[in-house]
Amino acid sequence: MKIKILLLAFFSLIGISMLAHDLSDSQIESLKKRVLQKVEEFQNYHSVIVNTDISENHRKNAISSALALFMGRGQEYTTTDENGNVEYHRPVRMQISSVNRSSTKSMKMTEYLDRQFKNALNYAKVVVESADIVRVGKIYKVNDGEYRGTAYFCSKYISYNKEGRVVYGDITDKKVNVSIYVKQLPGGEEIFEVRLGDVYVIATKRIRS
Amino acid sequence: MKLLRSGFLMLSVLPLWLCAQVNIDTSWKSQYLCKVKSLEEFAARFNLEESHPDAGTDSMANYSNIYSLFDFERISGKPDEIQRLDTMFEFCDSILDHNIRFSMENGGVFVGAKCKISYKKKTGIVDIYFKRDKTPKGYDRWSILAVTGLERSGLVDLSRISAIPPTEHEMHFMGLDEVFNLNPSNAFGYRYSNNDLDQTSVFLALVHSGQLHFEEVDNVAVYCADVPGFIFVVEELPRNTRNSGWLITSLIRTDTDEKIQFLNNLLQEK
C-alpha cells in the first residue's frame, strides 16, 4: 500500500511538472488541430450567415454560434497578466485593408457579422468559399495555462443577382489571433479551450462581372 | 565570370519569376498556397524547411527557395537587374556558407511599425521599433526597442529649454508649484541642457499619462542583420500572383561597421 501511495505521488509529480513546462510535440499538434477546427467552424458559420436559402432564424443562430467562438463572445473582456494585473480588451474586431484603398477600416465582429447577414439580402445568392488551406502558426506560452498563436486562411465571397450574374466578389486573406486556455475539469482531466481574437483581413482581389 | 554567374543565376530564378508573372496556375487557391502567409512561413522557407511550390527539387532548389522570398517586381526589368541578381547570389551564398537561420527571436531581427498617433489635437507619424524579449517568467513578448519621429512629426518639441528662475533656491523652490502644476507643457525643457531626452521614454510617459492616442499602423517592416555582409528588409505584399506575402523588399550590402551605422541611424533620430 505504501509503495502504491509513493508511486501515485511520484506520477502525480511528473504530471504536475509536465503541466508547468512547455507542451509536448503531440500536444502542440493536437492544439493546432483544435485551432484549425475553430477556424473551419467560423468559416462554416460565415457561409450559413450569408446563405439566404436558409431560414432567417437559422442564419441568426449562426451569428450567435460564430460569436461564441471569439474572446468575450464579441463583447469587451478582461484577461490577467503574469503578475495578476487586469488587462482590458475591446470587443473583438475585424480590421480590413484593401489593395484598392490606402487606409484600413476596423469594425467590431458583432457589427461585421450583422452586416454580412443584412447585405446578403441585397442579392439573389451569396456564396462564401474557403480555400481549404488553413495554416496554424507557432504557439507561444504567454502565461501559466495560457497560449497564443495565429491562424491564416483565405476565402472567396461572390454575390449574384437573380439573372445569375456576379454583382460583387472578392478574395480575402485573413489572419486571426488565437488564445488557448488550459481548463481543469472536476474529475482532474485537463482540456484546452480555444478562442478566436482579432481578425486582420487583406482584400487582395476584386472579382468583377 | 560575373556575367557567367549572373546568367546561371537568371536561369535558376527564371522559372520562379515566370510563374509569378505569367500566373501559370491562376487559381486563387494555388496562389494562396504559394503566398508567404506569415513570417513563420518565411522563416521555414528561408531555413529550407519548406519549399515554394515552384522551386523544384534539383541541385539549385536551395537557391530557388531563397530567391522565391524576394519581391520580383523590384528586381525584374530594372536597369541594374544583373547587379541586383548578383547581389542576391552572394546573399544566398552567405546564408548557405554560414548556415544562417532566420527566426524572429534572433538578436539581429527587429520590427519597425510606422504609426499614426495624435497628441494635443495634432496628428503625426512615429516609428516604433520592436524587439523580441522575455517576461520575468520567461514567456515570449514583443518589447519596444526605440521610438523615433516624435520631434520630426512636430508633435513634441524636445530641444526647447525652459527656465526655473535662478533665485528659487532662496525661496526653497516654493515656485515649483507654478513650474510643474501650472506649466506642465514646459516639462521637457526643465532638464539640464546637456541631458538629451530619450524619445522612447518620452513616448511611453505620454502614453502612460493618457495624453497620447494611438490611431493606426501604416506599415510594418522586419529588419534582419544576421546574414554576414548584408541587411535585408521584409514586408508584406498582398498581391494576386505566385510571388506574394512576406517578401524581401530591400537588400543592402554592408560590412560590420556600416551595419552598426545603419542600425544606429534607424533607431536613433538625430
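In which strand of chain B does B:Val217 lie? In this predicted model, B:Val217 belongs to strand E4 of chain B, an element that covers residues 212–224. The residue has a relative accessibility of 33% and is therefore classed as partly exposed, since that class lies between the buried limit of 20% and the exposed limit of 50%.

Chain B contains eight helices and six strands. Read from the N terminus, its elements follow the order α-α-α-α-α-β-β-β-α-α-β-β-β-α. Of the 270 residues in chain B, 47% are buried.

Four cavities of 30 Å³ or more are present in the structure. The largest cavity has a volume of about 90 Å³, and its lining consists of 13 residues. Those that lie nearest the centre of this cavity are A:Asp173, A:Lys175, B:Lys35, B:Lys37 and B:Glu236. Three strands each contribute at least two residues to the lining of the largest cavity: E8 (146–160) and E9 (166–184) of chain A, and E5 (230–237) of chain B. Strand E9 of chain A provides the largest share, namely three residues. By residue class, the lining of the largest cavity comprises six nonpolar residues, one polar residue and six charged residues.

From chain A, its lining includes A:Cys154, A:Ile171, A:Asp173 and A:Thr204. From chain B, the lining includes B:Trp28, B:Gln31, B:Tyr32 and B:Lys35, as well as B:Arg239, B:Asn240, B:Thr241 and B:Ser244. Two or more residues of this lining are given by each of two elements, E9 of chain A and helix H2 (28–34) of chain B. Helix H2 of chain B gives the most to the lining of the second largest cavity, with three residues. The lining of the second largest cavity divides into four nonpolar, five polar and three charged residues.

Notes
Residues are numbered from 1 along each chain as its sequence is written. Chains are lettered from A and ligands numbered from 1 in the order in which they are written. This is a predicted model: local features need pLDDT of at least 70, side-chain atom pairs count only at pLDDT 80 or more; totals for chains, interfaces and linings use all residues. Side-chain values use heavy atoms; hydrogens and water are left out. Helices (H or I, at least four residues) and strands (E, at least two) are DSSP runs, numbered from the N terminus. Buried means under 20% relative accessible area, exposed over 50%, partly exposed in between (1.4 Å probe, protein chains only). On a 1 Å grid over the protein atoms alone, a cavity is a set of points where a 1.4 Å probe fits but cannot get out, and a pocket is an open set with protein on both sides within 12 Å along at least five of seven lines; lining residues have an atom within 4 Å of a point. Grid points are joined across faces, edges and corners, and a volume is the space filled by probe spheres set on the points. Ala, Val, Leu, Ile, Met, Phe, Trp, Tyr, Cys and Pro count as nonpolar, Asp, Glu, Lys and Arg as charged, and the others, Gly among them, as polar.
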